[in-house]
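Take a first look at the model below. Then follow the text from one site to the next.

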Amino acid sequence: MNYTRFLTAVSAARRPSPIRLLTELQQRCPPSLISLAGGAPNPNTFPFQSASITVKNGETITFNETTMKRALQYSASNGIPELLTWMKNLQKSLHKPPTASYSPEKGQMDMCVTTGSQEGLCKVFEMLVNPGDNVLLDAPTYSGTLAALQPIGCNLINVPSDQHGMIPAALKEVLSRWDPSEVHKPGSTAPKILYTIPNGGNPTGASMTAQRKKEIYELARQYDMLIIEDDPYYFLQFDKPWAPTFLSMDVDGRIIRTDSFSKILSSGLRIGFVTGPKPLVDRVVLHIQASTMHTSTFTQLMVSQLLHSWGQDGFLQHIDRFVTFYVAEWHSPSAGMFLWIKLKGIADTQQLIMEKAFEKEVLLVPGGVFMINSSDPCPYVRAAFSLSTPEQIDEVHI
Ligand code: PMP
Ligand code: PLP
């Protein structure tokens, strides 16, 4: 793969920050190194001394004074090494990207930590999308994606989709406007990138089948496109085995995947990951060097310590526990105005509805009020679909 044709002028012009490189070098050196280099402030002057964070399973994450100094200091722009290593091992065992993706001539795969996957996405778009470019996606789509793409002034082309996501035949039809043998010619307007949310799409909830992914990947090969696989709901798949990802099929190095810890560890900590061909991940890291410098070292250390203490098995057990929490069951009503929804994993919906949903400006009725004994815990909620517009119902998904 030659990635040069995909880069915007701004991204291609990015150069490494010499001070950032020194910070990264320092991180790989023994603590005995005397550094008069990076502009690191002296952590002895910081007001925070140590930290102890209790994990719900009873474990404690402790930052002694030495760890705390590191947590409060600048760190490498691609992420702290131990978190990156953990994540790389997880990606390899979950997606088993074809070995070809790791060979240098095909663009070795790499990863970086981002401040939520939103940061990764926004930087990936800035790297790849020029004003006027044609960009393929399946709409309606995540509002954060539109917020990042629309101001660039690109031309968003909607590829029709259904409950199984983007329809390959529809993509083929959209692409038939261009001749695959001419996409490399200067001035070609053929789309270079395709964006999709492959699992539990926001807002439609659609998930793409493995067969569709294969067909879409083949079209991407034919038209030499990159695919941005924005997959924050990967771990929220209700059925096992989890669907094979685009990353797992990536023999060429044309997939850029964004992962998020927002839905599984914490949304406020802001941790996400970009996985993709090294030359592209490197460009994202150069952008990080010039913007946030890196995701909070404290946050990364906290998450890394938890993941290391859990191991991959413990992490996957955590995922299993909370997936049940999100499962809802209902029967489609054939008459009337109401949908009766069971929220599995929630013993009683009273507090959830009266506080959390109300805060989000959504009103539902907790099921308990319909029970003979209204003080018994009740996992149901009643939604009346008689008054809200389809647009309002879509918005509730947020
Ligand atoms: N501006 C100047 C002049 C600086 O020296 C620095 C940090 N050395 C920054 C901005 C960035 O600081 P921050 O760590 O708050 O992003
Ligand atoms: N991508 C999609 C499809 C989302 O729905 C969201 C959050 O709602 C994000 C990305 C952003 O996630 P993060 O919190 O990791 O930035």
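**A walk through the model**

The side chain of Gln300 has a polar atom 2.8 Å from the backbone oxygen of Thr295. Keep in mind that this is a predicted model. Gln300 sits in helix α10, which covers residues 297-326. Is Gln300 buried or exposed? Its relative accessibility is 0%, so Gln300 counts as buried; the cut-off for buried is under 20%. Look at what touches Gln300. Setting aside neighbours within four places in sequence, the contacts of Gln300 are Ser75, Gly79, Ile80, Leu83, Val113, Ile271 and Thr295.

Ile271 leads on to the next residue. Ser260 touches Ile271 too, along with Ser117, Pro232 and Gly272, when residues up to four places away in sequence are not counted. Ser260 belongs to strand β10, residues 255-260. Its relative accessible area is 3%, and therefore Ser260 is buried. Its side chain has a polar atom 2.9 Å from the backbone nitrogen of Ser262. Ser260 and Asp230 are 30 residues apart along the chain. Their C-alpha atoms are separated by 8.9 Å.

Ser260 also brings us to a ligand. Which residues are closest to ligand 2? They are Ser117, Asp230, Tyr233, Ser260 and Ser262, out of 14 residues that surround the ligand. Sort those surrounding residues by type. The shell holds 5 nonpolar, 6 polar and 3 charged residues. Helix α5, residues 116-128, gives the largest share of this shell, with 4 residues.

Next, pick out single atom pairs. An N or O atom in the side chain of Ser260 is 2.6 Å from an oxygen atom of ligand 2. For the side chain of Asn202, an N or O atom is 2.9 Å from an oxygen atom of the ligand. Gln118 takes part through its backbone: an N or O atom there lies 2.8 Å from an oxygen atom of ligand 2. How much of ligand 2 does the protein bury? On its own, the ligand exposes 400 Å², and the protein buries 91% of that.

Step back to the domains. The domain assignment gives domain 1 as 3-20 + 74-311. Domain 2 is 338-395. How far apart are the C-alpha centres of the two domains? The centres lie 35 Å apart.

Start with Arg14. Arg14 lies in the loop between α1 (9-12) and α2 (18-28). With a relative accessible area of 15%, Arg14 falls under the 20% cut-off and so is buried. What does Arg14 touch? Its contacts are Glu126, Arg283, Leu286, His287 and Ala290, leaving aside neighbours within four places in sequence.

Finish at Pro390. Pro390 is part of helix α12, residues 390-396. Is Pro390 buried or exposed? At 58% relative accessibility, Pro390 counts as exposed, because exposed means over 50%. Pro390 and Leu146 are 244 residues apart along the chain. Their C-alpha atoms are separated by 20 Å.

Terms used:
Residues numbered from 1 in each chain as written. Chains lettered and ligands numbered in written order. Predicted model: local features only at pLDDT ≥ 70, side-chain atom pairs only at ≥ 80, totals over all residues. Heavy atoms only, no water. Near = heavy atom within 4 Å. Polar contact = N/O pair within 3.5 Å; in protein donor to acceptor, adjacent residues only side chain to side chain. Areas by Shrake-Rupley, 256 points an atom, 1.4 Å probe, with all protein chains shown as cover. Helix = DSSP H or I, 4+ residues; strand = E, 2+ residues; numbered from the N terminus. Nonpolar A, V, L, I, M, F, W, Y, C, P; charged D, E, K, R; others polar. Domains from an automatic or database assignment. Buried < 20%, exposed > 50% of the residue type's maximum accessible area, 1.4 Å probe, protein only. Contact = heavy atoms within 4.5 Å.
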